[in-house]
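Subject: Structure handover

Hello,

Here is the structure for your files. My notes on what was found in it follow below.

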Amino acid sequence: MRIGIIGVGNIGRSLARNLGRSGHDVKVANSRGPQTIPADVLTEGVRAVTVAEAAADVDALILSIPLSSIPRIAPAVAGLPSSVTVIDTSNYYPLRDGEDLLQPGRVESEWVIGQLGRPVAKAWNSIGSASLAEKGRPSGAADRVALPVAADRPQDRELAMALVDDSGFDAYDAGPIAQSWRQQPGTPCYGTDLTLDELPGALAAADPERAPRRRDLIVAAIQEKVGDSTTNPSSDWSVALARLINM
Ligand SMILES: NC(=O)c1ccc[n+]([C@@H]2O[C@H](COP(=O)([O-])OP(=O)(O)OC[C@H]3O[C@@H](n4cnc5c(N)ncnc54)[C@H](OP(=O)(O)O)[C@@H]3O)[C@@H](O)[C@H]2O)c1
């Protein structure tokens with residue numbers, strides 16, 4: 001499959017590596033131009049391009065940029081045929097993205113859809129970057145982590161679930177975008193690296209009132225631990241913290 005990825009930070013680079021390794025033709029772009037993309041990102045099947053090139057002639061476009069940057073890439077997305085599946089990995093963190101960007105209680109992906117003016121699937125948002133980098137497993141592995149996929153169009157759901165599987169994780173149909181708040185930060189499935197058996201119960205147990213409070217508690221704990229808001233802690237520490245607070 002032809003895949004564009006906009007954003008090659010903590011999340012985008014692991015997706016590029018895992019999907020390229022699975023045999024997909026992957027183009028990656030950042031905000032500063034292809035010459036600034038580190039060589040270690042350009043593994044098997046992955047090449048560096050501009051944002052416009054990443055969005056051209058693809059079957060799927062993955063957005064792995066801060067939520068607050070979504071409006072800036074909207075022009076590149078505007079020209080996509082409706083047959084292309086756009087998959088968004090973003091989460092809203094008020095301290096990073098701006099406290100007034102989303103009204104309290106607003107479903108993140110509904111805001112993204114409004115900015116882009118087209119449907120998106122939400123996937124890979126619920127796994128920490130260290131786990132994404134380390135825990136991809138072949139299909140059928142007993143310890144394979146499962147990830148929720150939300151989408152409104154059946155073709156987007158099907159394609160996003162197939163790519164989650166190709167990236168090394170079980171995909172679980174988490175329903176329409178209106179329900180995707182159940183996989184946002186602070187919910188029981190968020191950062192907790194659950195299996196396919198455990199994931200449905202975690203999604204059902206999500207609490208919209210508690211999720212933002214839990215999200216902010218975790219950010220505060222990470223900042224206290226590592227001293228800034230951009231370094232990502234180890235997978236063991238992050239998953240232990242997320243299980244303690246979110247479940
Ligand atoms: N970190 C996690 O554990 C985690 C887990 C799940 C989901 N997420 C979500 O996934 C998204 C990416 O997170 P991350 O941790 O990978 O972020 P990151 O490490 O900060 O990387 C962000 C990437 O987005 C690019 N970017 C930003 N603005 C852009 C623009 N206008 N046009 C093109 N590229 C742009 C950056 O390129 P430049 O460096 O060139 O600006 C960079 O490559 C975020 O929405 C985050 O909430 C993160």
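**Notes on the model**

Isoleucine 222 has its place in helix α9; helices (H or I, at least four residues) and strands (E, at least two) are DSSP runs, numbered from the N terminus. This is a predicted model, in which local features need pLDDT of at least 70, side-chain atom pairs count only at pLDDT 80 or more, and totals for chains, interfaces and linings use all residues. Residues are numbered from 1 along each chain as its sequence is written, and side-chain values use heavy atoms, with hydrogens and water left out.

Not counting residues up to four places away in sequence, isoleucine 222 touches Gly227, Asp228, Thr231, Pro233, Trp237 and Leu241 (contact means heavy atoms within 4.5 Å). Its C-alpha atom is separated by 34 Å from that of alanine 55, 167 residues apart along the chain.

Helix α9 (residues 210–226) packs against helix α10 (residues 235–246) at an angle of about 145°, and their axes are 10 Å apart. Axes are lines fitted to C-alpha atoms, for helices over the stretch in contact, and angles run from 0 to 180 degrees between N-to-C directions. On the α9 side, the contact is made by Arg214, Leu217, Ile218, Ala221, Ile222 and Lys225; on the α10 side, by Trp237, Leu241, Ala242, Ile245 and Asn246.

Now the ligand. It is surrounded by 27 residues, the closest being Val8, Ile11, Ser31, Arg32 and Ile65 (a residue is near if one of its heavy atoms lies within 4 Å). Polar contacts are pairs of N or O atoms within 3.5 Å. An oxygen atom of the ligand lies 2.7 Å from a backbone N or O atom of isoleucine 65. For threonine 89, a side-chain N or O atom is 3.0 Å from a ligand oxygen atom. For asparagine 91, a backbone N or O atom lies 3.3 Å from an oxygen atom of the ligand.

Regards

Conventions: Polar contact = N/O pair within 3.5 Å; in protein donor to acceptor, adjacent residues only side chain to side chain.
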